[in-house]
Amino acid sequence: MATPPVAAGGNFEAPPPPPMQPPGTDMTGICFRDQLWLNTYPLDRNLVFDYFALSPFYDWTCNNEQLRMRSIHPLDLSQLSKMTGMEYMLSEVMEPHLFVIRKQKRDSAEKVTPMLAYYILDGSIYQAPQLCNVFAARVGRALYYISKAFTTAASKLEKIGYVDTENESETVEPKGSKEAIDFKEVKRVDHILASLQRKLPPAPLPPPFPDGFVPPSTAEAEKDPENQQTAEPQPSAVDPIIDQGPAKRMKF
């Protein structure tokens with residue numbers, strides 16, 4: 001019977017499985033949960049990283065994996081501070097319900113650059129959305145509804161300005177019972193609303209993403225710009241918190 005190859009040191013170690021998606025890919029739409037592991041081991045600060053390493057969010061080329069291969073705890077800060085490259089750190093802990101893991105790039109013992117954040121909520125692992133995506137979605141949605149409100153107000157004021165002339169020939173009620181409409185004032189307000197609507201700026205662009213992060217595909221932005229001008233304005237992109245919360249993500 002053929003035997004598996006043995007390493008030079010005498011210990012055979014199976015290669016780690018490849019990640020399902022490249023590191024840095026936007027994976028905010030899925031979540032990971034291994035119920036068999038949760039039923040076997042307790043979820044605490046000592047074993048939470050081993051559980052996180054089972055998820056597709058884990059980068060097998062990180063410094064923590066090198067410590068694991070040397071039988072050192074992967075979150076040992078005294079060892080990680082001596083290395084450079086990608087690493088994961090446990091930033092917030094509320095045992096056993098919430099754990100926040102931060103992915104960062106270490107350049108020296110004192111200099112680190114945060115990149116992404118992940119959180120484990122009651123055993124389910126999620127990638128936290130970037131703050132720039134949340135702000136861009138909220139600001140874009142607010143601008144859409146403000147522009148829609150100006151359009152509705154302008155259309156209603158325009159209808160008031162074109163009152164049927166037959167109504168003017170009817171008997172006018174006493175001035176004390178009903179105040180007459182000043183059509184010049186109505187047109188002036190309509191003109192102000194229309195000018196404000198034209199000056200309303202579009203949604204601002206989000207700040208640049210960190211190195212290694214691939215933003216989600218924006219297929220709508222690649223459409224013909226002429227069709228975008230003629231089409232009715234649509235609300236902003238999907239909100240990463242409201243429309244892609246933990247309950248609405250695809251379980252993996």
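Trainee: Are Phe 32 and Tyr 51 buried or exposed?
Mentor: Both Phe 32 and Tyr 51 are buried, where buried means under 20% relative accessible area, exposed over 50% and partly exposed in between (1.4 Å probe, protein chains only). This is a predicted model, in which local features need pLDDT of at least 70, side-chain atom pairs count only at pLDDT 80 or more, and totals for chains, interfaces and linings use all residues. Residues are numbered from 1 along each chain as its sequence is written, and side-chain values use heavy atoms, with hydrogens and water left out.
Trainee: What does Tyr 51 touch?
Mentor: Not counting residues up to four places away in sequence, the contacts of Tyr 51 include Phe 32, Trp 37, Leu 43 and Ile 120; contact means heavy atoms within 4.5 Å.
Trainee: Moving on, which residues touch the most other members of the largest nonpolar core?
Mentor: Of its 22 residues, these are Leu 43, Tyr 51, Phe 52, Phe 57, Tyr 88 and Ile 120. A nonpolar core is a set of buried Ala, Val, Leu, Ile, Met, Phe, Trp, Tyr and Cys residues joined through side-chain atoms within 4.5 Å.
Trainee: And which element gives the most to this core?
Mentor: Helix α2 does, with 4 residues. Helices (H or I, at least four residues) and strands (E, at least two) are DSSP runs, numbered from the N terminus.
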